[in-house]
There are 4 protein chains.
Amino acid sequence: MSGNTLGTLFCVTNFGESHGPAIGCVVDGCPPGLALDAADIQAELDRRRPGTSRHVTQRQEADQVEILSGVYQGVTTGTPIALLIRNTDARSKDYSNIADTFRPGHADFTYTRKYGLRDPRGGGRSSARLTAPTVAAGAIAKKWLAEQHGIRVRGYMSQLGPIPIPFVSWDDVPANAFYAPNAAIVPELEAYMDQLRRDGDSIGARIEVVAENVPVGWGEPVYDRLDADIAHVMLGLNAVKGVSIGAGFDCVTQRGSEHGDEITPDGFVGNNAGGVLGGISTGQPVTVSLAIKPTSSIRVERRSINAEGEPVTVQTLGRHDPCVGIRATPIVESMLALVLIDHALRHRGQCG
Amino acid sequence: MSGNTLGTLFCVTNFGESHGPAIGCVVDGCPPGLALDAADIQAELDRRRPGTSRHVTQRQEADQVEILSGVYQGVTTGTPIALLIRNTDARSKDYSNIADTFRPGHADFTYTRKYGLRDPRGGGRSSARLTAPTVAAGAIAKKWLAEQHGIRVRGYMSQLGPIPIPFVSWDDVPANAFYAPNAAIVPELEAYMDQLRRDGDSIGARIEVVAENVPVGWGEPVYDRLDADIAHVMLGLNAVKGVSIGAGFDCVTQRGSEHGDEITPDGFVGNNAGGVLGGISTGQPVTVSLAIKPTSSIRVERRSINAEGEPVTVQTLGRHDPCVGIRATPIVESMLALVLIDHALRHRGQCG
Amino acid sequence: MSGNTLGTLFCVTNFGESHGPAIGCVVDGCPPGLALDAADIQAELDRRRPGTSRHVTQRQEADQVEILSGVYQGVTTGTPIALLIRNTDARSKDYSNIADTFRPGHADFTYTRKYGLRDPRGGGRSSARLTAPTVAAGAIAKKWLAEQHGIRVRGYMSQLGPIPIPFVSWDDVPANAFYAPNAAIVPELEAYMDQLRRDGDSIGARIEVVAENVPVGWGEPVYDRLDADIAHVMLGLNAVKGVSIGAGFDCVTQRGSEHGDEITPDGFVGNNAGGVLGGISTGQPVTVSLAIKPTSSIRVERRSINAEGEPVTVQTLGRHDPCVGIRATPIVESMLALVLIDHALRHRGQCG
Amino acid sequence: MSGNTLGTLFCVTNFGESHGPAIGCVVDGCPPGLALDAADIQAELDRRRPGTSRHVTQRQEADQVEILSGVYQGVTTGTPIALLIRNTDARSKDYSNIADTFRPGHADFTYTRKYGLRDPRGGGRSSARLTAPTVAAGAIAKKWLAEQHGIRVRGYMSQLGPIPIPFVSWDDVPANAFYAPNAAIVPELEAYMDQLRRDGDSIGARIEVVAENVPVGWGEPVYDRLDADIAHVMLGLNAVKGVSIGAGFDCVTQRGSEHGDEITPDGFVGNNAGGVLGGISTGQPVTVSLAIKPTSSIRVERRSINAEGEPVTVQTLGRHDPCVGIRATPIVESMLALVLIDHALRHRGQCG
């Protein structure tokens, strides 16, 4: 496929640009018989929506989703589900000054060089806004996984720049703008972000996502392992620079006698595997960790070049997320759900 | 596709089991006109071959590759290139004692539960032996990339368990069994491995791989980004638990003003991006880092269960790599080359 | 992919139901730099639009297409092009009486049995209305093929039920509602159709489509031959029951000395091959012939069963095409164009 | 994928050249637990084997298949099944005289122009010999379909050049070299072929293939309809110039009141649909008809050009089938079986 489609049996084809008429996706392969209406999808979209706190971009987008097909009388029919989100708050003038220059760390440069031209309005296709259709598709996946297998996919921020966020409780996560599992640390996060905004700078973050109740047996080795496909979707997200499963990079210093999770008649002891062995789910929680880079659209002046290759100074003044990691949690949850449902269907296809 | 094929235009389909008659792959989509003979492939296979030092498995496999198709008079014809490697040193009796038990940290358990049965001989399909066909395919990719674009793909070990390996020189890499870019540290690595073998245990490692001279413009956003496809193949490898690009997990604590690589008329200043922005190559070196877990086949006794779910003690006595990271370097180089050639052809297809 | 996507590099994902909110498609992989606006697409949609003569369905649909993405300042950007067509004249009450019965020869039965439910409004997903997005995508393909290679794809009706239509001139084709290349025969066709409507019945047809100026070398044997992919898209169309290339079924009685097109320094003598040898284009015109069945929605009473399996009599009173072949010509042209552009890009990718 | 792979969940990747070391395929996605040994596959290969009567090529190939992977203790494991057939009777000198000329009606010309070079030995990759791996893969599909669903796929010749072969009995089919369902007509067929050989010419044929007991519900509309995928594989075969389903081209002259198969509580009345409605199987037999062209390798002298574009006279003296249709029946059975199993698994994946 030509790059904008995910999946083998549960397929998501993403379209749109940040300031074009609309963004959206087509979900092909959703099993028939799933109760679904726009509110199911809207709930997830609202979780990633911009403008909901002072720590994220102030762009105002209702992100209202319309289901164009594939649902009849509130139930999926097995045919493609097209989802449409109109762009409403597109202020292209904010970006006019950067149409001919390349922001350091931004896809401006590579899009222009790859295609010979680019849509510069709001980052065009490279904008993080294009994660919204993924979240919409993921909402369908999440609902099916929950209803069919009792699977719960949820994530949280484990680090904001220099501040590690010790896990306290899942209950804390929805109660703050950071998806932090630790209410006590929120004031520190807020203070950090307030100073960062004053500095006109941005910061990285680390996100964890966990899927519970995944049955044993999902994943297609050799190449399309469950963890390989998870890595693929995660680095398919804007700003992600690293992904790991289970013990992740800590496994470098582990011995086999420490890393290999022992098994007892009551189940596994530990989960260094992160719920995947040999590319196939173990029945343990699938645990994923992500590194998210700081956004490249900042007020700090930086050296760059323009389309003619001449040196310029770049400063980005539009509305931007100073930490894209803050809104990443619902996105990465969706991504994990999309991989899981695809492998659920593939497994059912081959192994009955 | 059904899980054992990589790529969209340059496709590799992998087959075989560790102790079956043969392993191999079919490479479909190789451009015509490339000079190719078995020696080109053999050279790469010999780099990952077992039995070449005391620090790796003592299984003796010549890993002689036969080209079955797709090459005529020493030149590729554009038709599928089938590569065959016979298994010769398969001692299945070594594994008979574990046919009914599950090694902690091993795919024994998941294969059995997924498929209802498994080939237990030498780990069957889940064996690291199945990386050999990938290396063979990668040799073709490497040759084409070098000839068409002057691309060089090479890797090294940057950490062995607790021992970081500071980079000194590429010249040191081929001169030791560890692919360490630092001759001075080799005695320490050897001593560590000798003790580990005495302990009957295994250890993790970290590998870096770099592709130089990659042109700007390769990669297909949104989903099939160059870095996403790199992540996919890397976690498609046995034992890999994490992958990162450029600054990787260090980006979590970076500010945008530090992370975003500035551009001057002479090129980029720094490479935190790892050669990829917005999923598209920048023209800078593509840099990838991998975490490789310790192998699960160790002499240390561990708790597990058998096929009936009863508690057992497992100790693996066969010939195994105490650190699969040691032989990983040529494999990850091949993987990166396979992603690059596929995106080279995709880019040429769409953008001419 | 999950069934509703065509192509490997130039991919079309189709969505929608006859009486849902909208139909459309996403075109992924269109080369950047193609001048494109909605009028280019609208012109082709208008050719297949219903309600344009008394011989086709009287449903009134403007079929106004909106380009949602992938085009900036009138030029394609290389990113997915989403095309949206709102359904406006959906009279679902016309179909309420058939929601629980299965029309003989219609997909009512199979959809219900496959998915466990179906959208009965206007045939839902199985309606010929879903060929509109294909035509829209095909308009893009046609434009690129014409500009890049001077390719012209055009078709005509060669038989309407019992009436063969001898080819006279391409000029006659756009001048009548039947796409007949023979103005003189049009009164006979009209009289036939008028009687058919009075009978409340429907009829089959045969369509020819030809692509001129296709370069030699497109097609990917063994399986994805150019003619194989043509056959795939053509039988992917509603109501098509047969497809042939070049001499087609006449080759059954031909000798090799007659069938094989001789070659002279001036080119081929004859075109029994239909422009394809060994699955690869020859440089001759690609010629395709299609058999299109009579529509199943007729006023003539027929025996069937209802959802409970009880015998019923079915008579379909809604607005339907009495000969879907009449509007098929622009559709099959689009289909052929979609295959050609996909193979153009694949060839460029592999063979440079 | 890059052209030599069939299927979405049950995937077959074909490799090899007529006179290279070997031909074969990799079958990826076969469900685990199927009893399978080489004899199951050999039986089907023997049905298409050359040299078994005076009416086919006298090339002697044992076509012994070796299973390289994916089967353990006589049962499929769910991992890729690689099948290898060594070429043994390759007389390349027979073809040396045609290395620089293009046979009329042959892929010599198109391969050379597409790839810039070709393997001329025995037609290289374009040889009908490459149908052997397809037959081998089809044998696996047939076995699974029979065991899981009681499906029987079988075919016969319905016309040899000018001689129609009225269907008398399936019992007659295996009793003659032509797969003719009519023992009485065999002497006429033999006399025709004997004269044809004396003439040094070749002839076309028509083949029918039928799958019984296919459940209702297989097929993925819009594009990957069951009949679309059947058409794809059939025109993916050498020498096939046309394919039709059910009434096929006869539907052109049928009225809707005649074509649409009525339904009663006891089932369908008639099968003009050929077992497919709306792209989904109906539960009726799936019936397919194929037009097979005369082979282009004949002794009759013909005009052509050489690689330099100069006029030459071509006469092919090697061992060739004067009617490739004679050996086509087991091949088209395999092709149909491959489509059916793929859609069986896809349906199970999406619809459970």
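Me: Let's start with Val222(A). Where does Val222(A) lie?
Reply: Val222(A) is in the loop of chain A that runs between β10 (205-212) and α5 (226-235). Keep in mind that this is a predicted model.

Me: Which residue is joined to Val222(A) by a cis peptide bond?
Reply: Pro221(A) is joined to Val222(A) by that cis bond, and omega is about 10°. In general, most peptide bonds are trans.

Me: And in chain C, which residues does a cis peptide bond join?
Reply: In chain C a cis peptide bond joins Pro221(C) and Val222(C), with omega about 10°. Val222(C) sits in the loop between β10 (205-212) and α5 of chain C.

Me: Take that helix, α5 of chain C. How many of its residues are buried?
Reply: Helix α5 (residues 226-235) of chain C has 10 of its 10 residues buried, so the helix is largely enclosed by the rest of the structure. Among the buried residues are Leu226(C), Asp227(C), Ile230(C), His232(C) and Leu235(C).

Me: What does α5 of chain B give to the side that touches chain A?
Reply: Helix α5 (residues 226-235) of chain B gives 7 residues, the most to that side.

Me: How many residues does the contact between chains A and B take?
Reply: The contact takes 91 residues from chain B and 90 residues from chain A. The side of chain B that touches chain A has 38 nonpolar, 35 polar and 18 charged residues.

Me: Now chains C and B. How many residues are in contact there?
Reply: There, 12 residues of chain C are in contact with 12 residues of chain B. On the chain C side, 5 are nonpolar, 5 polar and 2 charged.

Me: Change of topic: a single chain. How many helices and strands does chain A have?
Reply: Chain A has 7 helices and 18 strands. Its C-alpha trace spans about 65 × 50 × 35 Å along the principal axes.

Me: What radius of gyration does chain A have?
Reply: Chain A has 21 Å, which agrees with the value near 20 Å that a compact globule of 352 residues would have. Of the 352 residues in chain A, 68% are buried.

Me: At what angle do α1 and α7 of chain A pack?
Reply: Helix α1 (residues 38-48) of chain A packs against helix α7 (residues 328-351) of chain A at an angle of about 135°, and their axes are 7 Å apart. That makes α1(A) oblique to α7(A). Glu44(A), Arg47(A) and Arg48(A) of α1(A) make the contact with Pro330(A), Ile331(A) and Ser334(A) of α7(A). By class, this contact has 2 nonpolar, 1 polar and 3 charged residues.

Me: Last topic, chain D. What is phi of Asp63(D)?
Reply: Phi of Asp63(D) is near 55°, a positive value in a residue other than glycine. Most residues other than glycine have a negative phi. Asp63(D) lies in the loop between α1 (38-48) and β4 (65-67) of chain D.

Me: Is Asp63(D) buried or exposed?
Reply: Asp63(D) counts as buried, because it has 22 C-beta neighbours inside 10 Å and the cut-off is 20 or more.

Me: And Asn213(D), what is its phi?
Reply: Asn213(D) has a positive phi of about 70° and is not a glycine. Asn213(D) is in the loop between β10 (205-212) and α5 (226-235) of chain D. With 14 other C-beta atoms within 10 Å, Asn213(D) is partly exposed.

Key:
Residues are numbered from 1 along each chain as its sequence is written. Chains are lettered from A and ligands numbered from 1 in the order in which they are written. This is a predicted model: local features need pLDDT of at least 70, side-chain atom pairs count only at pLDDT 80 or more; totals for chains, interfaces and linings use all residues. Two residues are in contact if their C-beta atoms, placed from the backbone, lie within 7 Å. Ala, Val, Leu, Ile, Met, Phe, Trp, Tyr, Cys and Pro count as nonpolar, Asp, Glu, Lys and Arg as charged, and the others, Gly among them, as polar. Helices (H or I, at least four residues) and strands (E, at least two) are DSSP runs, numbered from the N terminus. The radius of gyration is taken over C-alpha atoms; the globule rule is 2.2 Å times the number of residues to the power 0.38. A residue is buried if 20 or more other C-beta atoms lie within 10 Å of its own, exposed if 12 or fewer, and partly exposed in between; C-beta atoms are placed from the backbone. Axes are lines fitted to C-alpha atoms, for helices over the stretch in contact, and angles run from 0 to 180 degrees between N-to-C directions. Angles under 35 degrees count as roughly parallel, over 145 as roughly antiparallel, 65 to 115 as roughly perpendicular and the rest as oblique.
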